[in-house]
Amino acid sequence: MADQDMIGVPEFFERVMESVEPLAPMSHSLQEASGLACAENVAAELSLPSFDNASMDGYAVVSADVAGSTPASPTVLPVVGEIGAGTARIMALSPGTAVKIMTGAPVPAGCDAVVPYEWTDAGVAQVRIDKAPKPLQHIRRAGEDVGRGDVVVGANTVLGPRQIGLLAAVGRSHVYSRPKPRVVVLSTGSELRDPGSQVGHDSIYDGNSYMLAAAARAAGAIAYRVGIVPDDPGTFLETVHDQLVRADLVVTSGGVSAGDYDVVKAALSGEPDMWFGRVAMQPGKPQGVGTIGEDRTPIITLPGNPVSAYVSFEVFVLPAIRKLMGLTPYARPLRRALLTHPVSSIEGKRQFLRGDYSVPTGVGGNAARAAHVTPVGGPGSHMLGDLAASNALIVVPESVTRVEAGQPVHVLALDEQF
Ligand SMILES: Nc1nc2c(c(=O)[nH]1)N[C@H]1C(S)=C(S)[C@@H](COP(=O)(O)OP(=O)(O)OC[C@H]3O[C@@H](n4cnc5c(N)ncnc54)[C@H](O)[C@@H]3O)O[C@H]1N2
Ligand code: MOO
């Protein structure tokens, strides 16, 4: 039976994405910039290498002086000096002489090859050369890697280790990039207690705010776990407003369904920008999104059942965090896998089932090498043990009610970096 009041996952996704905009770029030190999206085209202010230098420890020579050297017919040259890496003094090499040189040291003027130690007797006052380097051999030429003025990192590039290394190598200490969003996480429910305290038959530990804060950090955000707010709309509103000063995004769990104490809905339904409703998915049906406060800070209100909260985070909050960070794609990419056991699903809802996803790395035929996914546990949205035992969500489309073993399905690989 079609439910008129229910919106589809793509529609709710759009609502969530419309509530967030990429954060304004700011200058970050290279240490801080790791994992951020670059917001400028960085042009190298110097070339790499920035001067001709030795690629081997050995002797700087004029190649013509040592041409034809062999063990049977070696060349012997006087060693007239030594240049280590970090030596700024420019030395010139006179023909018929050799200068000891270390890897990375600037080659002296006139030198056009370096003879590695292994091709010599490693002499100090004079050196016997048993093998001839070709012209330019063992010399790293200025600019052969990066030219001065080259764009070394473009806008929107994610600043990973290689980019950070390159920026440092061309002398940049800071880079304009989009900051990590500050995500305030709070959980609602008068039944909730902090781990480490006592629970009775009327109370449970607050797993969600820890889980969601950890998920926000894993997504690249700075997470502030506010913790538990009781089922009192006044206290909830006061707590949220107090947090807005340090929030680029607020994420709540619980209090959004049809119960008598659904505090989040009760507190926020008067807000002009808020939308509460039902989304055609399982788990994760009751949802809310909007903005709050003078700065219109985005707020996403997730359902309280732990698996519902986690699935909703993966499907909606993670993409919102990535949009704030300027990271694309926003949503986790779907992967294809063969189902090892049949699953059934509810018509009209997109089902997210827990699974164990594996990509074989060994040899074998196509089927043997294909990724597989095994369902883990049932569909219950309270099954946190099964969630923790899984590494993927199996996505069953709205129109599908059963998928047989051996059939391909889409999965969200939860630990995949993208
Ligand atoms: N009459 C109806 N009842 C419910 C409906 C409905 O449509 N009609 N929807 C169900 C679905 S689906 C979900 S999902 C939940 C969502 O409810 P809420 O968002 O209001 O969440 P709560 O009622 O506060 O809690 C639900 C459940 O999760 C536990 N919980 C909550 N917070 C935490 C936490 N931080 N850590 C661990 N566990 C938590 C809570 O104790 C409840 O058991 O509503 C259904 N009901
Ligand atoms: O839609 Mo609820 O999230 O199934 O438990």
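**View 1. Overall dimensions of the protein chain.** In this predicted model, the protein chain has a radius of gyration of 31 Å, whereas a compact globule of 418 residues would have one near 22 Å (taken over C-alpha atoms, with the globule rule being 2.2 Å times the number of residues to the power 0.38). The C-alpha trace spans about 95 × 55 × 40 Å along its principal axes.

**View 2. The shell around ligand 1.** Ligand 1 is surrounded by 23 residues, of which Glu191, Asp206, Asp262, Lys285 and Gly304 are the closest (a residue is near if one of its heavy atoms lies within 4 Å). At least two shell residues each come from β13 (182-188), β15 (204-205) and α8 (306-325), these elements being DSSP runs numbered from the N terminus, with helices (H or I) of at least four residues and strands (E) of at least two.

View 3. For the side chain of Asn305, the distance from one of its N or O atoms to a ligand oxygen is 3.3 Å. The protein buries 67% of the 860 Å² that ligand 1 exposes when taken alone (Shrake-Rupley method, 1.4 Å probe).

**Notes.** Residues are numbered from 1 along each chain as its sequence is written, and chains are lettered from A and ligands numbered from 1 in the order in which they are written. Local features need pLDDT of at least 70, side-chain atom pairs count only at pLDDT 80 or more, and totals for chains, interfaces and linings use all residues, while side-chain values use heavy atoms, with hydrogens and water left out.

Methods: Polar contact = N/O pair within 3.5 Å; in protein donor to acceptor, adjacent residues only side chain to side chain.
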